[in-house]
Every structure is written in C-alpha cells, then in structure tokens.
Amino acid sequence: MTKSSEYRLNSTKIAEATREWLTKRGVEVPQIAELVLFLQKDYYPELTMQECEMYVEAVLTKREVQNAILTGIQLDLLAEEGKLLSPLQEMIENDEGLYGCDEILALSIVNVYGSIGFTNFGYVDKLKPGILKHLNDKEDAQCHTFLDDIVGAIAAAASSRVAHRKQAEREGRVGPPID
C-alpha cells in the first residue's frame with residue numbers, strides 16, 4: 001500500500017491541532033474577538049464580545065481556515081528553527097516587506113466570506129491593533145510572519161460574518177444561527 005491509500009482525513013484531529021497550535025503560539029479566541037469588535041463597533045454599537053467570540057469560533061470551524069492556520073504556523077516554526085533554504089529562510093524570519101506569500105495565505109481565509117473581508121483585512125493589517133501589534137513586535141525569538149496575517153484574516157472573516165448576519169437581521173431573514 002502507498003501512503004496515500006493509508007491516509008484517512010480526521011476532521012476532529014485537524015480542528016484540535018488548529019486550536020492547540022494557535023494557543024501554543026500565544027493566540028486565544030478572545031484576542032481575535034477584540035479585533036472583530038474593533039472592526040465592527042462603529043457599525044454595530046450593540047455588538048458584544050460574546051457575539052464576536054461566537055463569530056470567531058464559527059470561522060475556526062472552516063476547513064480552509066484550519067488548513068491556512070496549520071500551514072502558516074508550520075512555516076513560521078520552520079523559520080524559527082532555521083530549517084528553510086536560503087533565501088526563503090531569511091525572507092520569512094525577517095518578515096520581508098516584499099514577500100507577500102504570508103498575505104496571500106491569509107487571503108484564502110478572507111476569501112471564504114466575501115469581499116467585505118478584504119477591506120477589513122487590509123485595515124487591520126495596516127493598523128496592527130491588539131494581538132497583531134504583539135505578533136509583529138519582533139521582541140522575542142518567535143517568528144510570526146504568517147501568523148499575524150492569519151489572525152488578522154480570521155478577525156476580518158468574522159467581521160464579514162457579523163456584517164452579513166446583521167444585514168440579514170435588518171431584513172428579517174435571519175436564517176440559521178451561525179454555520
């Protein structure tokens with residue numbers, strides 16, 4: 001048998017690994033929810049942190065999101081360990097400004113939720129509020145070249161969910177809670 005015929009996808013293990021890796025890298029759902037609130041508070045003043053956390057949790061259930069998280073964190077870890085080949089090693093460990101693959105991977109998350117997420121992502125990527133500031137400070141030995149963009153993208157995607165959900169509520173077509 002080949003490896004591919006032995007492999008069986010285990011969605012539960014992937015979801016668990018995603019959560020575990022985010023936590024190990026210092027990112028928790030409430031920190032991402034703070035970004036969602038930051039992005040949406042002017043549009044929906046009644047929005048609560050609890051709601052924002054619920055939207056972040058929903059985004060984290062998507063396979064595309066989990067794949068991006070696992071891939072990005074692995075690349076950051078490999079860069080920390082010096083295990084990438086030059087010049088990629090130096091570009092990732094220094095978060096090279098002209099290296100855009102980190103943003104492209106993050107945009108795969110935003111793309112799941114529509115165009116409003118792109119503007120939200122660009123906004124938080126530029127301002128770097130909350131946890132994004134910490135992930136970008138480069139004051140410790142950890143490399144977060146991919147993770148900072150991924151976290152921003154998760155917040156942007158959750159913000160898109162908020163906007164779409166609130167519009168549906170306004171129109172009286174609430175639909176299923178959050179999928």
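**Helix packing and local backbone features**

K128 is partly exposed, with a relative accessible area of 22%; here buried means under 20% relative accessible area, exposed over 50%, and partly exposed in between (1.4 Å probe, protein chains only). The model is a predicted one, in which local features need pLDDT of at least 70 and side-chain atom pairs count only at pLDDT 80 or more, while totals for chains, interfaces and linings use all residues. Residues are numbered from 1 along each chain as its sequence is written, and side-chain values use heavy atoms, with hydrogens and water left out.

K128 sits in the loop between helix 8 (116-127) and helix 9 (131-136), where helices are DSSP runs (H or I, at least four residues) numbered from the N terminus. Its phi is near 55 degrees, a positive value in a residue other than glycine. K138, in the loop between helix 9 and helix 10, also is not a glycine and has a positive phi of about 55 degrees. This lysine is partly exposed, with a relative accessible area of 48%. Another backbone feature is the cis peptide bond from S86 to P87, with omega near 10 degrees. P87 belongs to the loop between helix 5 and helix 6 (88-93). For context, most residues other than glycine have a negative phi, and most peptide bonds are trans.

Turning to the helices, helix 4 (residues 49-60) has 12 residues, which at 1.5 Å a residue should span 16 Å; its end C-alpha atoms are 16 Å apart, in agreement. The expected span is 1.5 Å times one less than the number of residues. Within helix 4, the residues C52, Y55, V56, A58, V59 and L60 are buried. The buried residues of helix 4 pack against helix 2 (11-24), helix 3 (29-40), helix 5 (63-80) and helix 10, with contact meaning heavy atoms within 4.5 Å.

Apart from neighbours within four places in sequence, V56 contacts V29, I32, A33, V36, I154 and A158. The C-alpha atoms of V56 and R161 are separated by 9.0 Å, although the two residues are 105 residues apart along the chain.

Helix 3 and helix 10 pack with their axes 8 Å apart and at an angle of about 50 degrees. Helix 3 is therefore oblique to helix 10. Axes are lines fitted to C-alpha atoms, for helices over the stretch in contact, and angles run from 0 to 180 degrees between N-to-C directions; those under 35 degrees count as roughly parallel, over 145 as roughly antiparallel, 65 to 115 as roughly perpendicular and the rest as oblique. From helix 3, I32, L35, V36, L39 and Q40 meet V151, I154, A155, A156, A158, S159, V162 and A163 of helix 10. By class, this contact of helix 3 with helix 10 comprises 11 nonpolar, two polar and no charged residues. Ala, Val, Leu, Ile, Met, Phe, Trp, Tyr, Cys and Pro count as nonpolar, Asp, Glu, Lys and Arg as charged, and the others, Gly among them, as polar.

Helix 10 (residues 147-170) also meets helix 7 (residues 101-110): their axes come within 8 Å and cross at roughly 20 degrees. Helix 7 and helix 10 are therefore roughly parallel to each other. On the helix 7 side, D102, E103, L105, A106, I109 and V110 meet D149, I150, A153, I154, A156 and A157 in helix 10. The contact of helix 7 with helix 10 holds nine nonpolar, no polar and three charged residues.

Note on methods:
Helices (H or I, at least four residues) and strands (E, at least two) are DSSP runs, numbered from the N terminus.
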